[in-house]
Amino acid sequence: MDSATASLPPRSRVGLIGRNGAGKSTLMKIIAGTGEPDNGSIEMPRGSRIGYIAQEAPSGTSTPFETVLAADVERAALMAESETVEDHHRIGEIHERLIAIDAHAAPARAARILVGLGFDEEMQHRPLDSYSGGWKMRVALAALLFSEPDLLLLDEPSNHLDLEATLWLENFLKSYRSTMVVISHERDLLNNVVDHILHLEGGKCTLYVGGYDAFEKQRAERMAQLESARAAQANQRAKLQEYIAKNSARASTAKQAQSRQKALAKMSPIAAMAEDPSLSFDFPNPDELRPPLVTMDMASVGYTEGNPILERVNIRIDPTDRVALLGRNGNGKTTLARLIAAQLSPMAGEMNASGKMKVGYFTQYQVEELDGTDTPIEHMSRLMKGATPGAVRGQLGRFGFSGDKATTLVGKLSGGERARLALALITREAPHMLILDEPTNHLDVDSREALVQALNEYSGAVVLVSHDRHMLELTADRLVLVDNGTAQEYSGSLDDYTDMILGKGPSGGKSGPKVSSKDARKAAAAAREQNKAVRDAVKTAEAEVKRLTDRRSEIERAMFDPSTATPADSKLSMSALMQERGRIEQALETAEAAWMNASEKLEQLEAA
């Protein structure tokens, strides 16, 4: 970043976005005070409490519950002092302060946050050292949310979460009362939680009003204006150059030509928007196999004989199926994925798979285990033994590794680039089925969109585990819920599942006949897009009706009780207030009609 400048409104919810390597985490560390800017400064209200998760996860013999409670430093200090202080006056002060900060409700609040992030009652009281790094980071997140800082800084908070915890976090952040800056590549979170987007690009930052969809629209308009200006400038440069070439040698026009030469030299070129090869995903399509690819009949699977994790699993997967596995972490999604990939054998029941089927299985472990001292071309050459250098480079090129990028040390690649390399490696043989376990953790928003497009163009089967709801909505046409020691078809939509997780709706049962054809999948994706657009229209209309209704109430209070008027309304005459109320009434009538129309259309689509 260089001379990046932005002013964030008080109590704003800001989504900090940009391509991988743009400097988002660096900027957040500077805001948090753990890094120093080379130039310039960060200013914020004096005395602001900043909340930021440290790089190291909490550890030790303390429990998650104790760790979260201790995050409220003032409460913890007052509680400790209350047990030793003998001065009655000080005891009274302590209890008054504890009441003021609602300290007695803190244990219940801490437990609610931990439950939302996946910790049941038993898990809340186990030592931290009994948990993996990912679960420890959940404890760190819970402690941060519990402390309620004046400025909440979140750097990819959903990276260690499953879909269910991500949904809870999104719902929690909607009601957060203080200023928040969140680095996230979750499109739904950026649309549903933030009200500003701070975009880092080319070392500069630009602040946009609204969520991610609003940012995309505004940026597209800005890019179109930029391209138009670039084209106009190119046309102007051509005319200047033509004039200079024709008139420099003539005495009568030499001065004018020199003047135009100076104007041409001062003209700063407007750069065209460059194509980014790191957005490249192109899965090779497999040859056709007859269905089914996999069938399971009352299958059980686990890691210890006699102790299955999943039982009574009945699933069929056909060559063009798109299956999303739902369920909290620890319920067996990865175990089921490994069974489908034939990395585990059934303990009981039957599982049959096509003998010619090739599977590409992606996990985060593959990304982490890439040898940093090798290059992408060395990794691929080892796996594609006997292949020509052109074939090796061709497979790498499908995923953006062309030219010098193919010979760059893996240790110098970004997390997103390493994820793309892992995907290139597992698809080298054009697999008939892709099993992707959290493929988006290191990908920015644009890369995720490119991955969605590539998956929808891929002709094989896909089994997907992801906390990215946007990706699931656009790629999956079947939902399988892994819960209560088994896995079964979930008949509802992803919205139904979201409502169920947040306690807003019933659970789904088994589904009827599934649709597996490519055309049906595209139709389902189109229907989801249409439904989402109409839902967004309903939300927008509802918000406008509420805004106008609130404004009408403000005007009426100013008319009938001037003492409660806003400063702006108190300056208006009764006539002006009446005119304003009439204008609001007309606008409200239009907004209510728009809301009714959108609601009726949504009902028709959902009924269909």
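In which loop is D374 found? The coordinates come from a predicted model, and in this model D374 sits in the loop between α13 (364–368) and α14 (376–383). Its relative accessibility is 13%. Because buried means under 20% relative accessible area, D374 counts as buried. Apart from neighbours within four places in sequence, the residues in contact with D374 are H379, R382, T408, L409 and V410. Of these contacts, H379 and R382 carry numbers that fall in the range of α14 (376–383).

The next element is a sheet. Strands of a sheet pair through backbone hydrogen bonds, either parallel or antiparallel. Here 6 strands form an open sheet with mixed pairing, in the order β11-β12-β13-β9-β14-β15. Its edge strands, β11 (359–362) and β15 (486–489), each pair on one side only. From one strand to the next, the twist averages 15°.

Inside this order, strand β12 (residues 433–437) and strand β13 (residues 461–465) run parallel and are joined by 5 bridges.

A helix pair comes next. Two packed helices are described by the angle between their axes and the distance between the axes. For helix α7 (residues 133–147) and helix α8 (residues 163–174), the angle is about 15° and the axes are 13 Å apart. Angles under 35 degrees count as roughly parallel, so α7 is roughly parallel to α8. The crossing of α7 and α8 is left-handed.

Which residues of α7 and α8 meet? From α7 come R138, L141 and L145, and from α8 come A165, W168, L169, F172 and L173. Sorted by class, this contact of α7 with α8 has 7 nonpolar residues, no polar ones and 1 charged residue.

Finally, the chain as a whole. The secondary structure of the protein chain comes to 22 helices and 15 strands. Of the 608 residues in the protein chain, 43% are buried, and D374 is one that counts as buried. Among contacts in the protein chain with a separation of 6 or more, 70% are between residues 24 or more positions apart.

Notes:
Residues are numbered from 1 along each chain as its sequence is written. This is a predicted model: local features need pLDDT of at least 70, side-chain atom pairs count only at pLDDT 80 or more; totals for chains, interfaces and linings use all residues. Side-chain values use heavy atoms; hydrogens and water are left out. Axes are lines fitted to C-alpha atoms, for helices over the stretch in contact, and angles run from 0 to 180 degrees between N-to-C directions. Helices (H or I, at least four residues) and strands (E, at least two) are DSSP runs, numbered from the N terminus. Angles under 35 degrees count as roughly parallel, over 145 as roughly antiparallel, 65 to 115 as roughly perpendicular and the rest as oblique. A crossing is left-handed if the near helix is turned anticlockwise from the far one by less than a right angle, and right-handed if clockwise. Contact means heavy atoms within 4.5 Å. Ala, Val, Leu, Ile, Met, Phe, Trp, Tyr, Cys and Pro count as nonpolar, Asp, Glu, Lys and Arg as charged, and the others, Gly among them, as polar. Two strands pair if DSSP finds at least two bridges between them. Buried means under 20% relative accessible area, exposed over 50%, partly exposed in between (1.4 Å probe, protein chains only).
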